[in-house]
Amino acid sequence: MIYTLRRATIFVTALTIFSVLVITYLPRYLNPTPPDAEEQKRDRQWVNSSPYWFDRQVCRYLGLCGIQHIRWDAPTLPGWGPGSDLHMTEEMAKVLGVGNWDQDGAAVFVNKPGTESWEHAPGHVDLKRKRSESSDTLQEVPQYVIDYAPLVHLYSGEHFWPSDMAEHVKHMGLLDEEDGSVNRTDELDLGNLAKLNAKNGTVFLTSMDDVESRPEWLHNRAGIPVEYEDDGDDEHDGNPAKKIPGNNPTVPTDGNTWWDADKQHPPNRIAAPRYRKSGPSWRRQKRSLQGDDDEPQRPIGGTPSDGDKNKPNPSGYSNGPAVLILVDKGAGIVDAFWFFFYSYNLGQTVLGIRFGNHVGDWEHCMVRFDNGIPKAMFLSEHAGGKAYAWPALEKKVQPNGKPPRPVIYSAVGSHAMYATPGLHPYVLPFELLKDVTDRGPLWDPALNHYSYWYDYEAGLNETESPSSPQSPYLGNPSEPPKEYTSLVPAADNPKAPTNWFHFEGAWGDDVYSLADYRQWRLFGEYHYIVGPLGPKFKYLERSKLCQTDKCTMLWSIEAGEKSSWY
C-alpha cells in the first residue's frame, strides 16, 4: 500500500512538473518573438475580458482559454448548390459569376468580362484607360519585371481567393470600444485610408459582417483564376510526382554582393556591369504622358478576346488584382515586390482545432534584379520566409521566345508562399502544424495588378505614429496632413490610388476578446489573431532579401525543404 502510494505520488509530481514546463515554455516555443511589456499588459486585459471567473483562472494558470468555445471551424458554410437551403437565386448567381454546379454540388464560376457588380469596386484602377488621363511624368515598369513575374499555383481546395483591396475596404468599419459595435460614419476607400492615422492608438479595420457567417466577399470565388491552358512546357513536364529539377547553383565567387545592397551600401563588383543591349535599361525609365492620346496602355487588366493576338492570353487571369511595388536600391539593384491580398486567412488545424484565423491577408514575394537580371526571390511565409537563388526555382517556359517564369505555391487557407508543392511543417514537431500546397489553379498576377514605384528613403520619414515629430498628422488632426510623396503610380496606371499604402493600422479585426464566442487560445495560440499591416510595413527598404534579420540564401530546393525561417 505504501509502495503504491509512493509511486502515485511520484507520478503526480512528475506530471505536475511536466505540465508546468509545458505551460511555461510551449507558448514561448510557438512564438519566436517574445512579448514586450506592453504586449504582456494587453494580454492581462485580454484574459480579464472573460465574464467567467473559472475561465479566467484556467486561462491564466493552465493556458487553456475559452475552451467552452472550441468547435469545428469549417472553411465554408454547408449548403451551396442546388437543393440546399442556401441555394442561390438566379440574380445572386449572375453577380457571383456562377455558371453551373458540378456533380458534388459545388459552384462552377465563369469569367464574365465587363460585368458591373460588386467585384468592380470604386477606387479600383481601370487598367484599360488611355495614358492621356495624366500629364505628369511617371516611371514605367521595366519590361524585365513583367517578363520574370511569378506564376502562383493556388491550392486546388482553396476557399478564400485573391481579392481586391478596394472591395475589402467597402466591408470594413471602425470598432467602437465602448459598446463593441462596428460603425462606418465616414466612407472609406483607397483614396482616404491614411486619414485614420490621425486617430489615437492603432486603428483596426473591422468587418461589418460576422466573418463566421462567411459572407461572399471573404471568399471572392469570382477571383478564381481563369483555367490555364497548359501546353506541357513546364520544366517538370506537368508531372506533380516528378522531382522538380533545379540547377543547384554554387555560391558566386565574382565578388558581386547583390544579395546585400541598398543605396547606402552598393554592391561590390570586381568589374563594371555589362548592360544589356536589348530590352529596357536597368535604369529608371520615364515617359512623358502628355500627348499620348492614341497610345493605349499595355493591356494587363482586361480579359482579351480570342481574336486579338496583341493581347495576353487570358489563362491565369484573376479579378483580384495583385500589387506590384518597385524599389530602386541604387547601383542597378531593383527589388520587385509582388503583393497578394486576400480578405481572409483561414488558419491551420492541430488535432482538429483551428488556429490563426484573421481578417485581411497580405502575402508577397520579391524578385531582386541586378541590372535587369533576376538573381533571387524571397517568398513570405507567416512572420518570415525564405530566399532562393534564381536558378534553384521551378520555371515555366513561355511562348514567343520569352524567358521562363518562376512558379511558386500558395498554401491553402494561410496563403503562405513556398517553392514546392507538398506538406510544409512549421513550429510544431511531428507535422502537427503544417501548410499544404499543390498544383491548383495557376494565377498570373502580371495580367491584373496595381503598379507603383516606392522611394524608401522618403518613406522612412512618413511612417511614424501620430505622436512622432515626423508624423504627417502632427498638430490638429482636423487639419489636412502633409502630402505623402514616397509612393507614386507607374506609368501604366497613372491614376492608381496611393493613400491606402500609407495607412498605418491593421487591415483586419483586432484580436477578438476572450468573451467572444468565436475566440479561444490554447498554450498561447489564438483561434483569431489580429489582421496584418500593409505593404509599407514589410521592410521594403531591406538590403538583404528577407524581411527578418535571419536571412540565408538557399541555393537549391532541397536546402529549402530542410530549413526554416524561425
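In which strand is Pro-489 found? In this predicted model, Pro-489 is found in strand β24, which covers residues 487–489.

**Pro-489 and its surroundings**

- Pro-489 has a relative accessibility of 11%, and because buried means under 20% relative accessible area, this residue counts as buried.
- Leaving aside residues up to four places away in sequence, Pro-489 touches Leu-138, Ser-451, Tyr-452, Pro-494, Ala-496 and Thr-498.
- Val-141 is 348 residues from Pro-489 in sequence, while the distance between the two in space is 9.9 Å, taken from C-alpha to C-alpha.

**The sheet of eight strands**

- Strands of a sheet pair through backbone hydrogen bonds, and this pairing can be either parallel or antiparallel.
- An open sheet is formed by 8 strands in the order β24-β23-β10-β11-β14-β15-β16-β27, and its pairing is mixed.
- The edges of this sheet are β24 and β27 (553–554), each of which has a single partner strand, so one side of each is left without a neighbour in the sheet.
- Strand β10, made of residues 322–330, is mostly covered, since 9 of its 9 residues are buried.
- On one hand, β10 pairs in the parallel sense with strand β23 (residues 449–454) over 6 bridges; within this pairing Ala-322 stands opposite His-449, and Ile-325 has Tyr-452 as its bridge partner.
- On the other hand, β10 runs antiparallel to strand β11 (residues 333–345), to which 7 bridges join it, and here Val-327 stands opposite Asp-335.
- β10 and β11 also form a hairpin with 2 residues between them, and in the turn Ala-331 has a positive phi of about 55°.

**The sheet of three strands**

- Another open sheet is built from 3 strands in the order β7-β6-β8, with antiparallel pairing.
- In this sheet β7 (182–183) and β8 (205–207) stand at the edges with a single partner strand each, so one side of each has no neighbour in the sheet.
- Strand β6 (residues 172–175) pairs with β7 in the antiparallel sense over 2 bridges, and Leu-174 stands opposite Asn-183 in β7.

- β20 and β21 run antiparallel and are joined by 4 bridges, with Gly-422 standing opposite Thr-437 in β21.
- β21 has two faces: Asp-435 and Thr-437 make up the covered face, whereas Lys-434 and Val-436 make up the uncovered one.
- The loop between β20 (422–425) and β21 (434–437) holds Leu-432, which counts as partly exposed because its relative accessibility is 34%.
- Together with Leu-351 and Phe-430, Leu-432 makes a nonpolar surface patch of about 400 Å².

**Salt bridges**

- Side chains of opposite charge can pair when their charged atoms come close.
- The structure holds 13 salt bridges, and the following points describe examples.
- Arg-354 forms a salt bridge with Asp-73, in which the closest N and O atoms are 3.8 Å apart.
- This pair links distant parts of the chain, with Arg-354 in strand β13 (residues 353–355) and Asp-73 in the loop between β1 (64–65) and α4 (90–96), 281 residues apart.
- Both partners count as buried, because the relative accessibility is 6% for Arg-354 and 5% for Asp-73.
- Arg-518 and Asp-210 meet through their side chains in a salt bridge of 3.1 Å, N to O.
- That pair also links distant parts of the chain, 308 residues apart, with Arg-518 in the loop between β24 and β25 (521–522) and Asp-210 in the loop between β8 and α7 (216–219).
- Here Arg-518 is buried, with a relative accessible area of 13%, whereas Asp-210 counts as partly exposed at 30% relative accessibility.
- Asp-444 forms a salt bridge with Arg-405, with the closest N and O atoms 2.6 Å apart.
- The two residues are 39 residues apart, Asp-444 being in the loop between β22 (442–443) and β23 and Arg-405 in strand β18 (residues 405–410).
- Asp-444 counts as buried at 6% relative accessibility, and Arg-405 is buried with a relative accessible area of 7%.

Terms used: Residues are numbered from 1 along each chain as its sequence is written. This is a predicted model: local features need pLDDT of at least 70, side-chain atom pairs count only at pLDDT 80 or more; totals for chains, interfaces and linings use all residues. Side-chain values use heavy atoms; hydrogens and water are left out. Buried means under 20% relative accessible area, exposed over 50%, partly exposed in between (1.4 Å probe, protein chains only). Two strands pair if DSSP finds at least two bridges between them. Patches are made of residues with over 30% relative accessible area and no salt bridge: like charges are joined within 9 Å, nonpolar side chains (Val, Leu, Ile, Met, Phe, Trp, Tyr) within 5 Å. Accessible areas come from the Shrake-Rupley method with a 1.4 Å probe; for residues, only the protein chains shown count as cover. A salt bridge is a side-chain nitrogen of Lys or Arg within 4 Å of a carboxyl oxygen of Asp or Glu. Contact means heavy atoms within 4.5 Å.
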